[in-house]
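Subject: Structure handover

Hello,

The structure we spoke about is below, followed by notes on what was found in it. Please read the notes with the model open.

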Amino acid sequence: MLLGLLCLLGSADAWAQQVSGTVRDAQTGDPLPGVNVVVKGTTLGTATDLEGRYSLTVPSLQDTLVFSFVGYETHEEPIAGRSVVEVMLESTAIQGREIVVIGYGMQRRESLTGSVATISTDQLAQLAKIPVPSVVHMLQGVVPGVQLLDGGNRPGRNALDLLVRGQGTLGRGDPGDKGASRPLIIVDGIADEITSLNPDDIESITVLKDAAAASIYGARAANGVILITTKRGRVSDKPQISYSGYVGIQDITAWPKRVDIATYMKLANVARENLLKWCLDGRDPTARTSDDCYNNPNYAPRYTEDYIQNTLSGTDPDRYPNNEWVDAIFSPDLIQEHSLQISGGNVWAKYLLSLSYMDEKGLMPNTGANWYRLRLNTDFQASERLNGGLNISGSRLWDVIPAENWASTFYIVHDTPPTRRTRYSDGTYGLNLFGRSPLASAEISGDEQRIWWDATVTGRLNYEIVDWGELQFLAAFNYGTMDWKFFRTDPAFIKEYPPEGYYWGPNFGENRDSWWIETTLRTQFNYNYALGSTHSFSGVIGYEQIRNTSEEFRAWRDRFYNNELRFLNMGDPANDGNLGFGSEWALRSWYGRLSYTLLDRYLLEFNARYDGSSRFAKGHRYGFFPSVSVGWRISSESFFRVDWIDELKIRASWGQLGNQDVPLYSYYPAVNLNTPYYLGDASGPQALGGAITDLVNEKLTWETTTVTNIGLDATFFDGRFNFTAEVYKRLTDDILLRLPIPAMVGRGAPFQNAGAVENKGWEVNIGWQDVINDFSYRIDFNLSDNINKVVDLAGTGPYILGGNLDRRIVEVGTAINSWYGWEAIGGRGGAFGVGAGRALGGGSRRSGSYRAPLENNQLKDGELPVGCSCGGPSCTLGMQVAGSTVRLPGAGGNRPRFCQRDTRGLLT
């Protein structure tokens with residue numbers, strides 16, 4: 001029996017045949033490493049080595065080999081009795097057959113009928129070489145219609161606003177809130193934060209900009225959707241290890257140019273002379289005679305000639321300071337990032353492990369951040385029809401900023417003259433004209449520190465139940481925590497701080513601990529069915545539910561024993577406090593897509609989603625969000641015979657999207673348990689009780705966005721040149737507002753669906769890519785313009801937002817959050833010239849004063865000043881030049897749309 005078994009095995013070996021060969025790029029002829037080579041209908045396979053070579057034992061020389069590789073057309077090659085099989089793979093990008101990730105699936109680019117922009121793997125590889133704090137910065141100037149508004153702010157918590165085709169809503173009932181206008185971010189099929197991603201982990205990015213592309217995400221897609229796919233393991237005979245990293249220096253790119261100290265002191269004296277003239281003109285009500293003006297020290301020269309000379313000599317910097325406050329507080333510092341990837345596997349199981357670390361030092365004392373990131377993506381092929389995967393990702397973020405005057409430090413530094421000492425020779429901090437020291441605030445006022453932990457586990461299982469259909473199950477679990485610690489010092493305990501300086505104490509400490517859990521469950525059926533070469537149907541039908549739960553606890557005390565012992569038990573229990581709260585919300589959805597292609601040139605697609613959200617009351621929780629789009633591939637018509645045009649397609653779409661980002665529990669009549677009551681009259685004792693302080697609106701429902709889009713796509717010269725142009729109109733109505741109610745009601749106004757905002761514009765994208773010998777390069781240029789306008793505020797407004805340094809306005813007919821301030825037509829004297837006009841702020845016109853326009857020698861609307869509102873950013877320009885060894889990025893524009901006169905005189 002043993003001999004028979006050996007004979008059987010020997011016969012099997014005799015039947016097996018060895019096949020080898022090389023896989024190359026069809027255009028360049030370069031060998032392709034990592035190409036999957038599988039015997040069709042089996043799990044037998046291998047992968048090409050670094051030279052593109054492969055060797056595989058096959059059951060029969062009459063089998064067929066399947067060659068597949070990311071970015072290339074899958075190719076089937078019959079062995080046909082050969083022992084050497086050489087294969088050339090066509091690039092999907094060059095041939096115009098690029099596969100694009102879309103909502104809950106993938107689609108060939110020539111079949112797209114919606115507005116979809118992509119960043120390819122090659123582009124991302126170039127973008128990842130540019131040192132940036134986050135993935136968000138990589139999008140600047142790359143995708144038309146996507147705006148990144150970077151407010152700078154601090155390491156680890158950059159003030160970024162990412163908008164797709166403008167700001168579409170007024171934001172959770174607060175016109176100044178842009179959070180509700182941010183796009184939905186989907187990472188490997190799950191909603192996530194883009195800031196937690198390592199740029200080296202990203203395989204592709206897709207931006208869904210119109211309703212035809214985004215309506216399958218329904219109530220979360222009103223502001224566009226960004227789909228991010230991370231890299232996965234590939235078949236290889238041994239683990240593939242790669243490293244990327246950089247170490248650099250970051251510094252302030254620009255700062256307002258300041259005059260030298262001699263000029264500053266002379267100009268300060270000129271200002272005092274002007275004040276003296278103002279007093280002598282009789283404008284000072286406290287000065288009865290001219291002697292009162294001359295004897296007032298506030299009108300005397302600030303610096304004598306001896307003081308100026310002593311300052312310039314620099315012999316006694318404590319008495320005659322000459323400081324540059326910007327250099328004292330802001331200084332260049334390190335930024336570094338390191339990323340390590342290990343990948344490999346076989347045709348049955350593949351993996352990719354990524355580890356990364358980033359450290360960003362702040363430019364001012366007591367600021368900085370660092371990240372640790374981990375990602376493990378695995379895939380398995382259990383049988384010809386069953387496959388699945390498991391993704392695990394995690395991150396830790398730590399950041400720190402000073403406790404005192406963080407937000408205003410930049411203004412304070414800018415307004416502190418160089419004649420004020422930063423620090424004296426004995427170590428004592430100097431003060432500005434208002435008794436503050438921005439340097440002390442940064443160095444010794446304490447700090448605010450945060451530590452974020454975030455982890456996500458996603459499991460996926462796919463089963464091909466028929467040749468044209470696949471059933472997919474997905475489950476995801478996200479868990480995160482945040483540890484927040486704040487401690488403000490008491491300057492009385494710091495000997496270097498002058499007692500006459502601004503007192504920010506007593507010391508105070510607060511701790512916050514929060515956690516959140518989000519689970520996602522999904523079942524969907526993907527199908528792709530063809531009736532010969534005439535009709536083709538594809539799409540998806542699915543069900544999804546999401547549940548989010550969170551809690552937070554806070555505790556605080558003040559008057560600690562000193563500034564070093566910062567544990568809460570070291571504070572005074574007489575002034576302690578605590579606070580705790582939690583929230584939960586859920587989303588239940590059914591969605592689907594049907595794509596129909598006739599003769600491979602007439603395209604029709606329907607998308608729809610039926611969403612139910614716990615954020616609304618019963619009877620108003622569900623919304624239906626449909627879209628329809630059509631396309632015509634003119635280049636596929638028999639009458640079209642233009643050799644140098646590869647693809648020419650026109651498309652149009654219409655659809656509706658929703659926005660469920662409303663305040664939680666807005667329809668519940670909440671009881672405020674911290675309402676003060678007086679026992680007896682107002683002079684009696686006070687107690688805390690409970691009361692309903694705000695009215696609620698149980699009919700509150702979705703904000704709805706209706707989008708119309710028309711586009712043209714074209715490629716020329718064998719895929720080297722591509723062109724896309726689009727025009728769109730996007731109207732959001734039923735926006736949340738708190739409409740005024742009579743004060744006699746005695747309660748706060750409820751939220752209502754009342755406002756409307758419009759965005760309309762156009763986009764153009766032009767690209768060229770080519771290979772010359774061994775040098776490959778690409779040039780991408782895009783230009784877009786968006787006009788944002790508030791259409792309806794239900795008779796309310798305008799809303800004036802911000803302070804004196806950042807005043808904005810929201811009113812019908814202007815862009816959301818337009819700049820708002822005085823309108824000036826120039827000044828009087830010097831370079832301004834002399835002309836008609838009233839000095840802003842009242843008073844007589846003097847040299848150097850700005851003038852407001854007059855009508856019939858009167859300010860408009862009687863004696864009220866004239867306001868000016870200027871629209872926000874609208875026009876964006878981006879340019880990318882990338883070659884085998886160079887990349888030159890660019891972005892510009894963001895110009896104000898208009899500057900419009902406001903004749904009501906709202907500013908006083």
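Asp-734 counts as partly exposed, at 31% relative accessibility; buried means under 20% relative accessible area, exposed over 50%, and partly exposed in between (1.4 Å probe, protein chains only). Asp-734 lies in strand E33 (residues 721-738). Strands are DSSP runs of E with at least two residues, numbered from the N terminus. The phi of Asp-734 is near 60 degrees, a positive value in a residue other than glycine.

This is a predicted model, in which local features need pLDDT of at least 70 and side-chain atom pairs count only at pLDDT 80 or more, while totals for chains, interfaces and linings use all residues. Residues are numbered from 1 along each chain as its sequence is written, and side-chain values use heavy atoms, with hydrogens and water left out.

Backbone

Most residues other than glycine have a negative phi, and most peptide bonds are trans. Arg-559, which is not a glycine, has a positive phi of about 55 degrees. Arg-559 sits in the loop between strand E25 (535-558) and strand E26 (572-598), and is partly exposed, with a relative accessible area of 49%. The bond between Gly-505 and Pro-506 is a cis peptide bond, with omega about 0 degrees. Pro-506 belongs to the loop between strand E23 (469-488) and strand E24 (508-531).

Sheets

Strands of a sheet pair through backbone hydrogen bonds, either parallel or antiparallel. Two strands are taken as paired if DSSP finds at least two bridges between them.

Strand E2 (residues 36-39) and strand E5 (residues 64-68) pair in the antiparallel sense over 4 bridges. Ser-68 in E5 is the bridge partner of Asn-36.

Another open sheet has 3 strands in the order E4-E1-E7, and its pairing is mixed. Strand E4 (53-58) and strand E7 (87-89) are the edge strands, each pairing on one side only. Here the twist averages 35 degrees from one strand to the next. Strand E1 (residues 17-25) pairs with E7 in the parallel sense over 3 bridges, and Val-87 in E7 is the bridge partner of Val-23.

Side chains

Glu-647 is in strand E29 (residues 645-659) and is buried, with a relative accessible area of 14%. A polar contact of 2.8 Å joins the side chains of Glu-647 and Arg-633. A polar contact is a pair of N or O atoms within 3.5 Å; within protein, one must be able to donate a hydrogen and the other to accept it, and residues adjacent in sequence count only if both atoms are side-chain atoms.

On the surface, a nonpolar patch has about 860 Å² of accessible area together (Shrake-Rupley method, 1.4 Å probe). Its members include Ile-241, Tyr-243, Leu-340 and Phe-477. Patch residues have over 30% relative accessible area and no salt bridge, and nonpolar side chains (Val, Leu, Ile, Met, Phe, Trp, Tyr) are joined within 5 Å. A salt bridge is a side-chain nitrogen of Lys or Arg within 4 Å of a carboxyl oxygen of Asp or Glu. Strand E17 (236-250), strand E21 (386-402) and E23 each supply at least two residues of the patch. Ile-241 is found in strand E17 and is exposed, with a relative accessible area of 63%.

Regards

Technical notes
Patches are made of residues with over 30% relative accessible area and no salt bridge: like charges are joined within 9 Å, nonpolar side chains (Val, Leu, Ile, Met, Phe, Trp, Tyr) within 5 Å. Axes are lines fitted to C-alpha atoms, for helices over the stretch in contact, and angles run from 0 to 180 degrees between N-to-C directions.
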